[in-house]
Amino acid sequence: MGITKKKIRIIIFGASGSIGSYLVKEYMSQNSELLLFVKDLKSKKKIINKLNFQSSPKIIIDQLNFTNFFSIPKKINKHRSFIKNSDIIINATGSLGEIKNVLNINFKKFKNIMDINFFSNLILLQNLSKFIKNNKNLLIIFFSGGGVTSYRKNFGTYSISKLSLVKLIEIASNEINNKNVRINAIAPGIIQSKMVDITINNRKLVSKKEIKKIERDIKYSNHALKKLFKVINFLRSNKGKQITGKLISSKWDNIENWDKNKIEKLIKSDLYSMRRVQ
């Protein structure tokens, strides 16, 4: 009689977006158990239309709008039994905000982006931490792309919010009350998404260099998603499970191909963090 392989439990916030829906499809093909969060009823119908429910033994879909801070603790508490035994938690939510000179941004709009891209994630981590104290092997993933490590013209609010998130991840990965929990940020590269569409539609406000880069790389969007999935799987593997508190580029770093010595150097150093390395 063969050994029954443990089904992996995956939680995905923002499951109806470009990254979220791709990951849902991949994990369904692996027969994983899924807890999916979408923004609203429209998003719920969208993801249901994409899913073949016969492919997975257990799929739960719930609504969670990250702009409503009070709903986050309620939803986390509601699904605490699933969270306690989860293997991977992925937050694919986010907002680009207004494309404008940061010195001219309305404070209310600035705060709105900080709420979505930073404060909601802080509240999410605070509430998740209550139920993952005894987890033996949990990987938490956030996404933080362009503007964190380099300047992007008129993307100041987005860059600041994502930079804050990356620093939060670094700090939380050290202060989490369970060292079997790893938290990392991944920069996925250019992927066909609502954010890219908004950027192209506002090309007059964006640098010519950025538009050229998008037009060059967008044709490889599916390849970027495949690379992203490989990196997530690597970070949960035995080879990568000690990596935490890092910002990793799935396009450029090729971390899934690193040898043991290079990975140990990464773990022990300030590489792939927001601190200067000399």
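**Exercise 1. A strand residue**

Find the element in which Leu36 is found, then decide whether Leu36 is buried or exposed.

Solution. Step 1: Leu36 sits in strand β2. Helices (H or I, at least four residues) and strands (E, at least two) are DSSP runs, numbered from the N terminus. The model is predicted: local features need pLDDT of at least 70, side-chain atom pairs count only at pLDDT 80 or more, and totals for chains, interfaces and linings use all residues. Residues are numbered from 1 along each chain as its sequence is written, and side-chain values use heavy atoms, with hydrogens and water left out.

Step 1: the relative accessible area of Leu36 is 0%, so Leu36 is buried. Buried means under 20% relative accessible area, exposed over 50%, and partly exposed in between (1.4 Å probe, protein chains only).

Step 2: list the neighbours. Leaving aside residues within four places in sequence, Leu36 is in contact with Ile12, Ala15, Val24, Leu51, Ile59, Ile60, Ile61 and Asp62. Contact means heavy atoms within 4.5 Å.

Step 3: check a distance. Leu36 and Ile47 are 11 residues apart along the chain, and their C-alpha atoms are separated by 9.3 Å.

**Exercise 2. The cores**

How many residues has the largest nonpolar core, and which have the most contacts inside it?

Solution. Step 1: the largest nonpolar core has 37 residues. A nonpolar core is a set of buried Ala, Val, Leu, Ile, Met, Phe, Trp, Tyr and Cys residues joined through side-chain atoms within 4.5 Å. Ile12, Leu23, Tyr27, Leu36, Ile90, Ile232 and Leu235 have the most contacts inside this core.

Step 1: find the contributors. Elements that give two or more residues to this core are β1 (9-13), α1 (18-29), β2 (33-38), β3 (59-63), β4 (88-91), β5 (138-143), α9 (221-236) and α10 (260-268). The most comes from α9, with eight residues.

Step 2: take one member. Not counting residues up to four places away in sequence, Ile12 touches Gly20, Leu23, Val24, Tyr27, Leu35, Leu36, Phe37 and Ile90.

Step 3: look elsewhere. A second, separate core has 36 residues, including Ile132, Leu168, Ala187 and Leu247.

Step 4: In soluble globular proteins, nonpolar side chains tend to be buried together.

**Exercise 3. Two helix pairs**

Describe how α5 packs with α6, then how α1 crosses α9.

Solution. Step 1: helix α5 (residues 107-128) and helix α6 (residues 156-175) pack at about 15°, with axes 8 Å apart. Axes are lines fitted to C-alpha atoms, for helices over the stretch in contact, and angles run from 0 to 180 degrees between N-to-C directions.

Step 1: that makes α5 roughly parallel to α6. Angles under 35 degrees count as roughly parallel, over 145 as roughly antiparallel, 65 to 115 as roughly perpendicular and the rest as oblique.

Step 2: name the contact residues. From α5 come Phe110, Ile113, Met114, Asn117, Phe118, Asn121, Leu122 and Leu125. From α6 come Thr157, Tyr158, Ile160, Ser161, Lys162, Ser164, Leu165, Leu168 and Ala172. They divide into 11 nonpolar, five polar and one charged.

Step 3: turn to α1 and α9. Their axes come within 11 Å and cross at roughly 60°. That makes α1 oblique to α9.

Step 4: name this contact too. α1 supplies Ser18, Ile19, Tyr22, Leu23, Glu26 and Tyr27, while α9 supplies Asn222, Leu225, Lys226, Leu228, Phe229, Ile232 and Asn233. Ala, Val, Leu, Ile, Met, Phe, Trp, Tyr, Cys and Pro count as nonpolar, Asp, Glu, Lys and Arg as charged, and the others, Gly among them, as polar.

**Exercise 4. Positive phi**

What is the phi of Asn31, and what is the phi of Asn154?

Solution. Step 1: phi of Asn31 is near 65°, a positive value in a residue other than glycine. Asn31 lies in the loop between α1 and β2. Its relative accessible area is 32%, so Asn31 is partly exposed.

Step 1: phi of Asn154 is positive, about 70°, although Asn154 is not a glycine. Asn154 is found in the loop between β5 and α6. With a relative accessible area of 15%, Asn154 is buried.
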